[in-house]
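Subject: Structure for you to look at

Hi,

Here is the structure I promised to pass on.

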Amino acid sequence: MRDDSGTLFERWVAPVLQHFLLDREELQAQQDSIDWDSALSQFTNPQIIYPRYYRELSCHGFTDGYLCPEAAVAYDAITQYALPPNEDWVRQGVIDAIQSHPSRILDLGCGTGSTTCRLKEAFPSAEVVGLDLSPYMLAMAEQKALEAQLNLHWRHGKAEQTGFPDNSFDVVTASLLLHELPPAIAQAVLQEAHRVLRSGGEIILLDCNQKALRQTSFITTLFEEPHLENYAAESLDAWLGAAQFGFVRTQDHWLVHQISRGVKGVHYPNPEEALFADLEALEDLEWAVG
């Protein structure tokens, strides 16, 4: 919502972040310490054409969206306040939801690699790939991985068109991604995840709690999130079902977040079944086929 004095985010949230919660001098020093020309040459795929929804994104007070060093450097500092009660606890929900022992994991919209790094720490023998449309974000993610001494792979690309072969991953994750996308693109991302997953593979989604957003509509106008209202009106369970995932279930996660999970190639009609009950079904299916 914008009037002559700017959006609610610009008038209320941004000043609090900038003047009280963020160390602007520290962020500027971090930004100045990075050789951005070298970093961008390392992570930019020149064949990528940024879609309109991404080029015109103005998010969290950054007029260039995520295609600028300021957003990449400030992202972690801002996100810690957007994931109550504790960012580590919230992101751990993605790890806890994985019920298999994956050898290849794809983290879509990985941003600065916060969840990607945790995935590698939880599954050290797995190949973990982080994909994002912002090379600036990938530069920060690589820095984070090097500091943690983690061997991760980064891909500059669109979550709805990854370029990976069919059936090439055991787990696909996405954290805080879908609410930032137009609904049609978000659904295309889920279809792409289904394509690249192997049969029996899992998709794990961490995002804003849609039920909570519908009950607190002021949040959608307070934060500068252009697609949040449309996201809140939808159902990730329905989207996952439309993308042909089975055993779809969403659980509240620390009240204001939610964890959604689906499985490729295994379908069960009873939505009252406990979350993750498909493991036994998979074993029975493998026995019957064998």
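Proline 85 is found in the loop between helix H5 (69–82) and H6; helices here are DSSP runs of H or I with at least four residues, strands are E runs of at least two, and both are numbered from the N terminus. A cis peptide bond, with omega at about 5 degrees, joins proline 84 and proline 85.

Before going further, the housekeeping. This is a predicted model, where local features need pLDDT of at least 70 and side-chain atom pairs count only at pLDDT 80 or more, while totals for chains, interfaces and linings use all residues. Residues are numbered from 1 along each chain as its sequence is written, and side-chain values use heavy atoms, with hydrogens and water left out.

**Around the tryptophans**

At 47% relative accessibility, tryptophan 89 counts as partly exposed (buried is under 20% relative accessible area, exposed over 50%, partly exposed in between, with a 1.4 Å probe and protein chains only). Which residues does tryptophan 89 touch, not counting those up to four places away in sequence? They are His253 and Trp254, where contact means heavy atoms within 4.5 Å. Tryptophan 89 and tryptophan 254 are 165 residues apart in sequence, yet their C-alpha atoms are 8.7 Å apart in space.

Tryptophan 254 sits in the loop between E8 and E9, and is partly exposed with a relative accessible area of 41%. Its phi is positive, near 55 degrees, in a residue other than glycine. The hairpin of E8 and E9 has three residues between the strands. Strand E8 (residues 245–253) and strand E9 (residues 257–264) pair in the antiparallel sense over seven bridges; two strands pair if DSSP finds at least two bridges between them. Histidine 253 has histidine 257 in E9 as its bridge partner.

Glutamine 244 is partly exposed, at a relative accessible area of 46%.

**The sheet**

E8 and E9 belong to an open sheet of seven strands, in the order E5-E4-E3-E6-E7-E9-E8 and with mixed pairing. Strand E5 (153–156) and E8 stand at the edges with a single partner strand each, so one side of each is left without a neighbour in the sheet. On average, neighbouring strands are turned by 15 degrees against each other, direction ignored. (For angles and axes: lines are fitted to C-alpha atoms, for helices over the stretch in contact, and angles run from 0 to 180 degrees between N-to-C directions.)

Strand E3 (residues 104–108) and strand E4 (residues 127–132) pair in the parallel sense, over five bridges. Arginine 104 stands opposite glutamate 127 in E4. Helix H7 (residues 114–122) packs on the sheet and touches E3, E4, E5 and strand E6 (169–175), with its direction at about 175 degrees to that of E4. Helix H9 (residues 183–196) lies across E3, E6, strand E7 (197–208), E8 and E9, and runs at about 150 degrees to E7.

How do helix H3 (residues 36–43) and helix H8 (residues 135–147) pack? Their axes are 9 Å apart, at an angle of about 100 degrees. That makes H3 and H8 roughly perpendicular to each other (65 to 115 degrees; under 35 is roughly parallel, over 145 roughly antiparallel, the rest oblique). H3 brings Trp36, Ala39, Leu40 and Phe43 to the contact, and H8 brings Pro135, Tyr136, Leu138, Ala139, Met140 and Glu142. The residues of this contact divide into nine nonpolar, no polar and one charged (Ala, Val, Leu, Ile, Met, Phe, Trp, Tyr, Cys and Pro count as nonpolar, Asp, Glu, Lys and Arg as charged, the others, Gly among them, as polar).

Tyrosine 50 is in the loop between H3 and helix H4 (52–55). Leaving aside neighbours within four places in sequence, tyrosine 50 is in contact with Arg55, Leu67, Leu133, Pro135 and His156. Tyrosine 50 and glycine 157 are 107 residues apart in sequence and 9.0 Å apart in space, C-alpha to C-alpha.

**Overall numbers**

The protein has 14 helices and nine strands, and 52% of its 290 residues count as buried. Among contacts with a separation of 6 or more, 71% come from residues 24 or more positions apart.

Cheers
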